[in-house]
Amino acid sequence: MIPIYEPYLKGNEKKYLDNCLETNWISSQGIYIKQFESLMSKYHDSLNAIATSNCTTALHLALKAYGIGKGDEVICPALTFISPANMVVLSGAEPRLVDIDEKTLNINPTKIEDKITEKTKAIIVVHQFGHSADMKSIMDIAHKNNLIVIEDNAESLGGYFKSKKLGTIGDISTFSFFGNKIITTGEGGAILTTNNKIADKCRELRDHGMSKNKKYFHTDLGYNYRMTNMQAAIGLAQLEKLDFILRKRLDQMNLYYELLNNIKEIKLREFADWCTPVHWLMTVTLNSNFNRNKIIEKMKGFDIECRPMINPVHHALHFKNKFRLDDFPISNYVSENSIHLPSGTGLSNKDIIKVCDSLKKILKSD
């Protein structure tokens, strides 16, 4: 079976993990936490990197550090993994969903201002599937309306909007290092910000609301959202090979596009000229006359694992009565008709050719 994704652990991961075990530094203290945060910060030219237990907790910390809570509203894309909207609710605020752009699959900036009210405090921008959102338009809207911009860069580490790295444009950004991300710590996340005051607040909230100046003195209601030294050890090894991983993955994406281009039964995501993409998941959108789930089942018959596109946020039961389904036609269509093809960094050209040939064969026979 060619899996949808597998971690790519080809560097110093084992060496650094062994060091954690030999020194007994296995929890949330140790040299690898600091080294991982330092390298994340250096890569992004940012003053502050804060390692977290995952990207979801990073989002929660970002919202709480800016004081977002009861009575506030936060703009989110309608088609994204559900974490941003969930964290808005768990912060006490309400999400305001915006449909995506058909070409880039990112939040559509032309629809954002219609959702802004006097209660709106922030915009969460998710750089979807390796492609930057239109940050110039979004930042202009944010500045005009005095809104905070949170970049969720879980899926697009290493990508650019024009000359700027994703995660360095908004007020604060979050990252995911889950097992199926561009680099991994197993579970894990991070926050980036150049705002020292906000960084201190994130660290304080991450560590049970404990003062950085006085041990066991708690200044706020906080959480245990820390990354372990073992996770950071893996993350450091991954970051050391990030440029190699990005190049290898870009070659894979280019081969996919070469083999699947001009197939009338599917649509490939287009890249805006202001975007330098990275390759996370290879996504294709089927013509609406195909049954997405049947295609996935037939690919299994060729020993190929595919994944359906995520459901829009407004399909979740706890959000279903808060939004009108027909307000998000692009999100609905892309979700219902898109699949992700195998995208692990370890895929060989032979694997990719097999995936493409199998998909073509199925599409022609349906």
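## Arginine 206

Arginine 206 has a relative accessibility of 11% and therefore counts as buried (buried means under 20% relative accessible area, exposed over 50%, partly exposed in between, with a 1.4 Å probe and protein chains only). This residue lies in helix H6, residues 196-206. Helices (H or I, at least four residues) and strands (E, at least two) are DSSP runs, numbered from the N terminus. Not counting residues up to four places away in sequence, arginine 206 touches Glu37, Ile50, Ala51, Leu61, Tyr223, Asn224, Tyr225 and Arg226; contact means heavy atoms within 4.5 Å.

This is a predicted model, in which local features need pLDDT of at least 70 and side-chain atom pairs count only at pLDDT 80 or more, while totals for chains, interfaces and linings use all residues. Residues are numbered from 1 along each chain as its sequence is written, and side-chain values use heavy atoms, with hydrogens and water left out.

## The whole chain

The protein chain has 11 helices and 14 strands. Its radius of gyration is 21 Å, close to the 21 Å that the globule rule gives for 366 residues, so the chain is as compact as a globular protein of that length. The radius is taken over C-alpha atoms, and the globule rule is 2.2 Å times the number of residues to the power 0.38.

Along the principal axes, the C-alpha atoms fill a box of roughly 70 × 55 × 40 Å. Of the 366 residues, 57% are buried. Among contacts with a separation of 6 or more, 71% come from residues 24 or more positions apart.

## Nonpolar cores

The largest nonpolar core has 38 residues, and Phe36, Met40, Phe177, Ile182, Ile183 and Leu242 have the most contacts inside it. A nonpolar core is a set of buried Ala, Val, Leu, Ile, Met, Phe, Trp, Tyr and Cys residues joined through side-chain atoms within 4.5 Å. At least two residues of this core come from each of helix H1 (13-23), helix H2 (31-43), strand S1 (48-52), strand S9 (189-193), helix H7 (229-240) and H8. A second, separate core of 34 residues includes Ala78, Ile148, Phe319 and Phe328.

Phenylalanine 177 touches residues including Phe36, Met40, Ile183 and Met227, with those up to four places away in sequence not counted.

## Alanine 58

Alanine 58 sits in helix H3, residues 55-65, and is buried, with a relative accessible area of 0%. Apart from neighbours within four places in sequence, alanine 58 is in contact with Thr52, Thr174, Ala190 and Ile191.

## Helix H11

Helix H11 has 17 residues (349-365), which should span 24 Å at 1.5 Å a residue; its end C-alpha atoms are 24 Å apart, which agrees. The expected span is 1.5 Å times one less than the number of residues. The buried residues of H11 are Ile352, Val355, Cys356, Ser358, Leu359, Ile362 and Leu363. Seen down the helix axis, they fall within an arc of 160°, so they line one face of H11; the arc is that of the directions from the axis to the C-beta atoms.

On the other side of H11, Asn349, Lys350, Lys361, Lys364 and Ser365 are exposed. The cover over the buried residues includes helix H8 (242-260), strand S10 (266-268), strand S12 (282-286), helix H9 (292-300) and strand S14 (338-341).

## Cysteines

The structure holds zero disulfides, a disulfide being a pair of cysteine sulfur atoms within 2.5 Å. Cysteine 356 is in no disulfide, and the nearest cysteine sulfur, that of cysteine 306, is 10 Å away. Cysteine 356 is buried, with a relative accessible area of 1%.
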